[in-house]
Amino acid sequence: MSRSPRASGYFRTSYDQDLALVQTRLERTSLGVFIVALLAFPLIASPFQLDLACQVFLASIGSLSLMLLTGYAGQISLGHAGLLAAGAFTVGILFREANAPFWITLPAAAAVGGLLGIIFGLPSLRLRGLYLAVSTLALHFVVIYLGGEYEARRGFSTGIVIDPPKLGGVSITDARAWYFILLGAAAATLLVCLNLLRARTGRAWRALRTRETVAEALGIGVASYKLLAFVISSAATAVAGALFAYYRGFVSVEAFSLFLTIQYLAMVIIGGMGSLLGALLGAIFVTLFPYIIEIGLLALPGAQRHASLLFAMNYAAFGLVMILFLMFEPLGLVGMWRRMQSYFLLWPFKHRPAAGSRG
Amino acid sequence: MQLIANITVLAAIYALLACGYVLIYRVSRVMNMAHGELAMLGAYLLYTTASLFADHPVSAIAAALVLSLTVGVLVYVALMRKMTGQMVLAAILTTIAIGILLRGVIVLIWSASQQHPLQVLKFSNPSIELIGGARISTCAALMVLATVAVYGALFAFLRFGRWGMRLRAAGQNPLLAAQRGINLNAIYALAWALSTLTGSIAGMLIALDSGLDQTMVVIGLKAFAPALVGGLDSLLGALLGAVIVAAAEVLAIHYIDPLLSDVVPFLVLIATLIVRPWGLFGTREELDRV
Amino acid sequence: MLARVLAAALAAAALVCSANAQDAYVIGVTGALTGPAAGTNGPPIEGLRLYVDRLNASGGINGKKIQLTVLDDQGEPSKAAANAKRLLTQENVSLLVLSSLSSTFAPVIAETRRANVALMLMGAVCPKEVYPPADLLQFCTTAYAGGYDSRATLAFIKETAKEPVRIGFAAMAIPLSRGEIDYAEEQAKAMGMTPVDKEVIPPPTADYTPFATKLKDANPNWIFSWAPWVTQVKTFEALRRLGWEGDYITWAHIEAESELARLKDGKFYVIGANSLFQDNLPIHKQIVEEAKKANIRYPAEQMTEGWIGGLVLEAVLKAGGWPADAAKVRAAMENVKVDTQGLRGGPIEWSKENHFRTRQYYRVYRWDPAKSAVAVTKDWVAYDVK
């Protein structure tokens, strides 16, 4: 998709230039600064902040895949937590039963995710909108039930403990090592998503989302692209779940509740539908939100007394923020960002030129 | 015989909760995922009014019912009105967010420990013996009676009442109804109020029967399956769906494995979605706005 | 692009950790203050806080105050792990206290192993790693523990029953409860009782009647339930509604005392290791007074576990001296004997091998309809912990 250039005097003279991710010199420099900042962060951060950053990266993998499915392909899925659980449990089961190393479990998790994606995606061939959401919700409960049964029958009373992955005989336990691993995984997911969207698949998904019948009429295989969306998204989500299992060193079915799905949906919606930047912003916002609330609550007098109310406050505040975004800012954080951007870009003018008059 | 009694009671719970989903969906095509939380709120309101009106249980119950009506109207007017016409996902997420907000607020106001409105109202809940040696508790019997009464009232209201007819009209074709002079906002508010009322009745009776805590939300979610199985815009379907799902659940617990009780409603749901997505009595529709 | 940099920078800046008071004992607590397990795991933390506040008000231990950092994990394993990581690596606590669901144990224990800090389980069920030979880092003050609870209960049933026992079991569908009930079933068979039915009930159940129906149909005269309180009591109520008249014995969780008064059923027994407040010992009076002064959210009678935790903590820190780091605290814990002043049947003694207690005492209470009050049915019975 071509974007309107933000620098004047910049002309694209080939299709490659048009499709390129980083175009102007300003974009190149800011990307460079950003990468340097990300790489330098572990040197100055406390372990707690490193942990937060790792959580943000894990969340962004999940939210990017959900954005692909819901924001671009237009398929509502309420089964996200079930897919994360599937990835985590694949790692747990393979580790416990077969002592498999990570270069077997991670691809296995992706495969399981893809398979589940087909199952979750089959209803989408017949159903739309609400009914699709409900079918994915029901499948989520089935996956969770199966996970719980596995835990119970195999005697893992307190969950499955997983050793950290070994690379050349050395266990990866250092927080900084994990930071870079997860940063790499998130960056890889982002690149995959960007490329998918620039290519034929992305165009097909956008067509699907806008008007299915017209897409079919244009010759886009609706069924296969819908399933493809589910498969890719679910595989990525399962890998996120697997990485989560390795990072925490622990798998248990309680961590994958319906609330987790809702958090990912919130990331997508609060971030801004139909935009990968939105997925990232949403991931950052939703992951950091409880800690911000906690700091705010602890800053009040009588702090320790209120600590027991923290969970309820979190819930209430989260619900409230979601409602406010849905009602007043349907375009999400990305919408706010774009408004801020256009204010600076267009200054001293207030509005873009009218449609039809380029320049 | 006991099995049949158990099925009837569970079906009554599901039916009472399901008709709330159906009312709102039929009128405004919105899926109210916060129904379980609203039912829970109704029960907590009863607990509070019971504590306030310690010696007048009847006024306590009446006050709680009136309060839940107002809550329903408030939720629509303050929150859902802005979401009309938006994408389906946004509307569903708004109701989910309302549910989350309510859960947090309930814990903040009433704390998470279990409460016993029955005790506060100073009622007792003896078990009644039925034919064939089956036993159910008084509150469970009340629940069945309440379901019958509520459904009868709703059927009569929708069929013969003036506002009932307007509700049905708004559900069938909002644009025409609006042009005919029907105040859509008032209709939607009425639907939300009725839905919250029936949900609260269910919540209150469940709380009286077996105590009040946060697990009621899960029942609300499970009750969604009967609503869908019967057809999201059909009251009769909700009733039948409730019977089917309740029967499946109780029989599965009894003959297969008690642990299935959580999953059975959703399995029935999946089966329905595969075979007949619009439910037993629902209207066939294509939901195109996503 | 720039937004991401700004957001990351803001987040980093906003989360500057609070300054550590260097001049105090730093103890970390993670527990289910809210969430489904809060009913059982929240009050012990409040009780501990009550005790520590009282200690600090009267000057602290060895002249130093105790700084208690409490984090909520909502009973979720990943949150508990995150809390543990934070407390251990950032706040540098000398001791970690855990009061949450058993599913949180494994990740928290892994974190404490990495940091080599002792873990005290208080209000959370004792894992078998604290029985001799005990794991280096795990200690437990909680009343209930797998294995011994069933033995004590079955012994009581055998003693009290006036006819051959047909025993039914009720568990919650969480692994610990199922495991204990399975063990109890075996033991019952070995003791000559006839197990007739065992029901495993999923946690968020709307209606307990179907499970109670199956139990009642098997016609037991005694039923034993070892699970979180909600399952125990709701199964009982459903059974009574169905007209079952037998004896029901269950574990005395902290909610037990008020519930006994609510149910008013003479055949509902609770067995536990804590004494109930109706005994009105001096220690109970003291706790009630303190709770009233501090305006605690929970009823005073639920403070027992936390108070016992506080008693043990005081003894440990006193013995550890000052300055106390994690290693000294752990060493002090291996050699502690605490008089529970009547809250338990006997003292809590920890040794290198035994991080549970040398003897576990049990008492059985029930509601006595004749006296219209809670009464002791069987006084303290001791079991040696081997």
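## Strand pair β4 and β5 of chain C

In this predicted model, strand β4 of chain C, residues 118-121, pairs in the parallel sense with β5(C) over three bridges. Within this pair, Leu121(C) stands opposite Cys140(C) of β5(C).

Both faces of β4(C) are covered. Ala118(C) and Met120(C) lie on one side, Leu119(C) and Leu121(C) on the other, and all are buried.

## The five-stranded sheet of chain C

β4(C) and β5(C) belong to an open sheet of five strands, ordered β2-β1-β3-β4-β5, with parallel pairing. The edge positions are taken by β2 (65-72) and β5 (138-140) of chain C; each has a single partner strand, so one side of each has no neighbour in the sheet. From one strand to the next, the twist averages 25 degrees. On this sheet, helix α3 of chain C (residues 77-90) lies across β1 (24-31), β2 and β3 (95-99). The direction of α3(C) is at about 170 degrees to that of β1(C).

How many bridges join β3(C) to β4(C)? There are four, and the two strands run parallel. The bridge partner of Leu95(C) in β4(C) is Ala118(C), and that of Leu96(C) is Leu119(C). β3(C) also pairs in the parallel sense with β1(C), over five bridges, with Val29(C) opposite Val97(C) of β3(C).

Five of the five residues of β3(C) are buried, so the strand is largely enclosed by the rest of the structure. Leu95(C), Val97(C) and Ser99(C) are buried on one side of β3(C), and Leu96(C) and Leu98(C) are buried on the other, which leaves both faces covered.

## The seven-stranded sheet of chain C

Chain C also holds an open sheet of seven strands in the order β7-β6-β8-β9-β10-β13-β14, with mixed pairing. Which strands stand at its edges? They are β7 and β14 (373-384) of chain C; each has a single partner strand and therefore lacks a neighbour on one side. Direction ignored, neighbouring strands of this sheet are turned by 20 degrees against each other on average.

Strand β8 of chain C (residues 222-225) and strand β9 of chain C (residues 247-251) run parallel and are joined by four bridges. In this pair, Ser225(C) stands opposite Thr250(C) of β9(C). Helix α6 of chain C, residues 175-190, packs on the sheet and touches β6 (166-172), β7 and β8. Its direction makes about 170 degrees with that of β6(C). α7(C) lies across β6, β7 and β8 of chain C as well, running at about 175 degrees to β7(C).

## Domains of chain C

Chain C is divided into domain 1 (17-143 + 281-360) and domain 2 (148-272 + 362-384). Taken over C-alpha atoms, the centres of the two domains of chain C are separated by 29 Å. Their contact takes 15 residues from domain 1 of chain C and 16 residues from domain 2 of chain C.

On the domain 1 side of this contact, α2, α11 (304-320) and β13 (359-368) of chain C each supply at least two residues. The largest share of that side comes from α2(C), with three residues. By residue type, the domain 1 side divides into four nonpolar, eight polar and three charged.

The secondary structure of chain B comprises 13 helices and two strands. Its radius of gyration is 19 Å, close to the 19 Å that the globule rule gives for 290 residues, so chain B is as compact as a globular protein of that length. The C-alpha trace of chain B spans about 55 × 45 × 35 Å along its principal axes. Buried residues make up 56% of the 290 residues in chain B. Of the contacts in chain B between residues at least 6 apart in sequence, 74% join residues at least 24 apart.

Between the chains, 27 residues of chain C are in contact with 28 residues of chain B. On the chain C side, α2 (38-57), β7 (194-201), α7 (209-217) and α8 (229-241) each supply at least two residues. α7(C) gives the most to that side, with five residues. The chain C residues that touch chain B divide into 13 nonpolar, six polar and eight charged.

Notes. Residues are numbered from 1 along each chain as its sequence is written. Chains are lettered from A and ligands numbered from 1 in the order in which they are written. This is a predicted model: local features need pLDDT of at least 70, side-chain atom pairs count only at pLDDT 80 or more; totals for chains, interfaces and linings use all residues. Two strands pair if DSSP finds at least two bridges between them. Axes are lines fitted to C-alpha atoms, for helices over the stretch in contact, and angles run from 0 to 180 degrees between N-to-C directions. Two residues are in contact if their C-beta atoms, placed from the backbone, lie within 7 Å. The radius of gyration is taken over C-alpha atoms; the globule rule is 2.2 Å times the number of residues to the power 0.38. A residue is buried if 20 or more other C-beta atoms lie within 10 Å of its own, exposed if 12 or fewer, and partly exposed in between; C-beta atoms are placed from the backbone. Ala, Val, Leu, Ile, Met, Phe, Trp, Tyr, Cys and Pro count as nonpolar, Asp, Glu, Lys and Arg as charged, and the others, Gly among them, as polar. Domain bounds come from an automatic or database domain assignment.
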